[in-house]
Structure formats: C-alpha cells, structure tokens
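I opened this notebook to record what I looked up about pockets and helix packing. The structure is shown first, and my entries follow.

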Amino acid sequence: MRKFILDLDTGIDDTLAIAYALGSPEVELVGITATYGNVTMSQGIRNDLAITDLFGHAEVPVYPGLPHATNKDSFEVLEGSRLIHGKNGIGDVTIPDSPRCQEVSSAVDFIINSAHKYGKDLTYVATGPLTNIAAAVKQDPSIKEIMGGIVVMGGALTVTGNVAPWREANISQDPEAANALFTSGAQCTMVGLDVTLQTLLTKNETKQWRALGTPAAAFLSDMTDYYIHAYELTSPGLGGCGLHDPLAVAVAVDPTLVKTLGVNLKVETDGATRGRTIGDKNRLNDATKTTQVAIKVDVERFLHEFMTRTSLVVSDQQ
C-alpha cells in the first residue's frame, strides 16, 4: 500500500484534505507534518490531533515542523487568513482537544526517515508553505531521488494569484523554500490555482454530509459552510469554495485527474514579482522537466471522488 505524508497548515481545506486521504483505500496516512500559514504551527498541531481523533484515526502521528519562513524569525497569521479560515483555522467550529500530544521528533527528521524507510512507496503532499520539505531536501539531498513523489498545492502559472496578481498564498509565505525545492532537481507536481479554482463546493454538498447524522459529519458541514460564506465575501460570483488542498491529495492518489505541463519551474525571490511561480529561462532547453504543472482538471470526476471519500470517513463515526 502506498504511504502518504501530509504537510499541513491546518485550516479548512487542509481538514478536507485529511478527510480525503483517510477515505482513500489505496493509501495509508503514515504521518502529518505541521507547518504555519492559515494558522500558527501550534494551532495547526492542535487541529491535526483533534481532527484525526474525530475522524476515528488516532493512530496518525503529528510532527512539529519549522514554525516560520526560511528567512524570518517569527510568524503571524494574516487577517485574510483569519477571515477565510476563522480564528481557530477550522471555521470557528469547536471540537474536543485530543488527549494525544505531538511527536517528539521533528517534521524534517520524520520526512527524511520516512523517505529512507518507504522509498518509492512514499508520496509527500504539501498544502502549505514549503519550508519543511525544502529543509529536509537541504539536510539530505538523496531523498529527492528516493521518494515516490512530491505534490504541492500552491502557485499559479496560467492565472493570477490570490494574494497579489503574481503570488499564490502558500508560495508567498516562503518563496525561498519554494524556489529551493523547484530548482533542486526533485520531481514535483504543482497543483495550483490554475485548477483548484475550477473545483468548487457548495452548500448542496454540505447538506449531504449533514444528513449523515454523525458528529464528524456535522463538524465537516459547519466548518465548510463557514468557508463557503467566506468565499461569498472575498470572491463573490465564484459560486462556491475552492477545494485547493483536497485536489492536491486527489492528484497524489490518482494523477489522471489532471493534465499537466512539464516546466522547469522557479520562484522569484526579489523585487515586485517576489513569490511568482514561472518557468526558469536558464533551464528552458533542458530535456528533463522537473515540475509537472496541473493545467486542466476533470472536475466532475474529482467532485464525485471527493464526496464519496469524505462521506465514507465521516459516516463511520458515531
């Protein structure tokens, strides 16, 4: 069975990504590595532990990552993130704290050890800033050849960004880390705004969860309704909330959900376009393209898989 690590800044769509992974019989979620972004890393760890407990998967360990960007010494949650994800990151919905604690070893060590343990069976899915994976590759460059795949939710190649015309939020948090990963030679798949804003969820779907009648389903419905309302305020006319992070997990499970363009990608780290994901002209003619950028998605099939897999997780909990 394939092994997954999810690297999360656990806000609302990260939570939906957890549900998708846990509802996928093809994979085993061997660990969550925590990062910052939608929330502080400590809040994200709290959310990860509480959510996996609620979903009936207390066996999933959570590892503390690096709490701020590569070139910074602190992190503060942006007001926009609080608006979209709520003060607690999960739509201000209250769920019980887990009796479990975070793991003692670090996220970086766990990533490296897992790469050597599972090899090509391991897929790493990052849905926040790329600080942890960039640090792991820097510490042990061999893992980029050992691992089975790296899937990143972030970036925007053919569309504008969501925090500036040229910047997507996750990449914007740590452009240096993203650039280090994309130029390291590691084979990555970028699932960015090019496709994630085509995969929208509405209250028609959250009603289906609510009808399941379990505490986990009620939580997922309440949290996602908050997210949909936030999108109504920030992106009126879009017609729902973007399923950013779940799509990245779905592509890691089944790459045929998207069509990709091979690009030797870089992230600009200076000037007015800092944080932009774009082709690296210095590697334009290289025969090997290290990043596959998703540019088209099978929306209908993905949404069917999303509802099937997440409903399976929350329907089992009483």
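How do the residues of the lining of the second largest pocket divide into nonpolar, polar and charged? I found 7 nonpolar, 6 polar and 1 charged. Here Ala, Val, Leu, Ile, Met, Phe, Trp, Tyr, Cys and Pro count as nonpolar, Asp, Glu, Lys and Arg as charged, and the others, Gly among them, as polar.

I noted that this is a predicted model, in which local features need pLDDT of at least 70, side-chain atom pairs count only at pLDDT 80 or more, and totals for chains, interfaces and linings use all residues. Residues are numbered from 1 along each chain as its sequence is written, and side-chain values use heavy atoms, with hydrogens and water left out.

Entry on the second largest pocket. I looked up its space, which is about 200 Å³. Its lining has 14 residues, and Ile150, Val151, Thr189, Val251 and Pro255 are the closest to its centre. Strand 5 (149–153), strand 6 (188–191), helix 12 and strand 9 (258–263) each give two or more residues to this lining; strand 5 gives the largest share, 3 residues. Helices (H or I, at least four residues) and strands (E, at least two) are DSSP runs, numbered from the N terminus. A pocket is an open set of points on a 1 Å grid over the protein atoms alone, where a 1.4 Å probe fits, with protein on both sides within 12 Å along at least five of seven lines; lining residues have an atom within 4 Å of a point. A volume is the space filled by probe spheres set on the points.

Entry on the largest pocket. I recorded a volume of about 760 Å³. Of its 34 lining residues, Ser81, Ile84, Asn162, Val163 and Ala169 lie nearest the centre. By class, I listed 13 nonpolar, 14 polar and 7 charged residues.

Entry on helix 4 and helix 5. Helix 4 (residues 107–118) packs against helix 5 (residues 131–139) at about 60 degrees, with axes 9 Å apart. Axes are lines fitted to C-alpha atoms, for helices over the stretch in contact, and angles run from 0 to 180 degrees between N-to-C directions. The two helices are therefore oblique to each other, as angles under 35 degrees count as roughly parallel, over 145 as roughly antiparallel, 65 to 115 as roughly perpendicular and the rest as oblique.

Entry on helix 10 and helix 11. Helix 10 (residues 203–210) and helix 11 (residues 215–234) pack at about 165 degrees, with axes 8 Å apart. That makes helix 10 roughly antiparallel to helix 11.
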